[in-house]
Amino acid sequence: MGRVWRAPVGAFRYVMASAHKVDIGGLLAGNRQRLVVDDRVALAPFEGVTFPEPVSVHLEMQASGELLEISGSVDATIHGDCGRCLADISSDLHLDVDEQVEAGSNLQNGPFEDSNVLAGDRLDVADLATQLVCSAIPIGLLCKEDCRGICPRCGENRNTAKCECNGDNN
Ligand SMILES: [Zn+2]
Ligand SMILES: [Zn+2]
């Protein structure tokens, strides 16, 4: 999309099509050694978590026989509410990608089962990012490990105030 990539030696940089799909046919056929993909993907809200900015995806793919090795990283900013005190949370999520998928296996198992990450020789970068980020989001986001939450009796935020219901029923 108008960007010019400076390709490292030996790498083929793919300038992303708008649909976030990469043709890995050449890679699987052995015509190409390595495929590097940089993309930014807007993710839909997931379980109360929103993504204020597109997620950055950097992938390096290599075919070795029937195996497609995918390494790289995904960086996301996530936004949500603390599961205990409802405070706004904004935090950065960095994921290292290190996956091996069998080409043509239809992904019966592994991290991308039941997904459309790989269909034929198309790798769906948006779907891959969605799968990885959504499986890494902690269930029940917390503003901090020891968030004391809201008192179920008086509704006071126990991180910032001391309520009178102390010690009893909490
Ligand atoms: Zn909290
Ligand atoms: Zn209270």
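I started in strand β4, where I looked up the bridge partner of Val36 and found Glu60. Helices (H or I, at least four residues) and strands (E, at least two) are DSSP runs here, numbered from the N terminus.

**Housekeeping.** This is a predicted model, and local features need pLDDT of at least 70, side-chain atom pairs count only at pLDDT 80 or more, and totals for chains, interfaces and linings use all residues. Residues are numbered from 1 along each chain as its sequence is written, while chains are lettered from A and ligands numbered from 1 in the order in which they are written.

**Confidence.** I checked pLDDT, the predictor's confidence in each residue, from 0 to 100. The chain has a mean of 81, with 79% of its residues at 70 or more. Strand β5 (residues 67-81) comes out highest at 93, and strand β1 (residues 12-14) lowest at a mean of 45. Over residues 1-18 the value stays under 50, and there the model has 21 contacts beyond four places in sequence. A contact needs the C-beta atoms of two residues, placed from the backbone, to lie within 7 Å.

I count two strands as paired if DSSP finds at least two bridges between them. β3 (residues 34-41) and β4 (residues 55-64) are antiparallel over eight bridges, and Asp39 has Val57 as its partner in β4. On to β5: β4 pairs with β5 in the antiparallel sense over nine bridges, and Val57 meets Val74 there. The two strands make a hairpin with two residues between them, and Gly65 in the turn has a positive phi of about 65°.

**Faces.** In β3 the covered face has Leu35, Val37, Asp39 and Val41, and the uncovered one has Arg34, Val36, Asp38 and Arg40.

**Ala63.** Why does Ala63 count as buried? It does so because it has 20 C-beta neighbours inside 10 Å. Leaving out residues up to four places away in sequence, Ala63 touches Leu27, Leu28, Gly30 and Leu68. I also looked at the C-alpha atoms of Ala63 and Leu27: they are separated by 6.1 Å, with the residues 36 apart along the chain.

**Helix α2.** I spanned α2 (residues 125-136) next: twelve residues, 16 Å from first C-alpha to last, close to the 16 Å expected at 1.5 Å a residue. That expected span is 1.5 Å times one less than the number of residues. Its buried residues include Leu128, Leu132 and Val133, and the buried set packs against β2 (21-23), β3, β4, β5, β6 (88-102) and β8 (122-124).

**Core.** I took a nonpolar core as a set of buried Ala, Val, Leu, Ile, Met, Phe, Trp, Tyr and Cys residues joined through C-beta atoms within 7 Å. The largest has 27 residues, and Val55, Val125 and Ala129 have the most contacts inside it. β3, β4, β5 and α2 each supply at least two residues of this core, with α2 giving the most, six. Beyond its neighbours within four places in sequence, Val125 is in contact with His20, Val22, Val37, Asp39, Val41, Val57 and Leu59.

Technical notes: A residue is buried if 20 or more other C-beta atoms lie within 10 Å of its own, exposed if 12 or fewer, and partly exposed in between; C-beta atoms are placed from the backbone.
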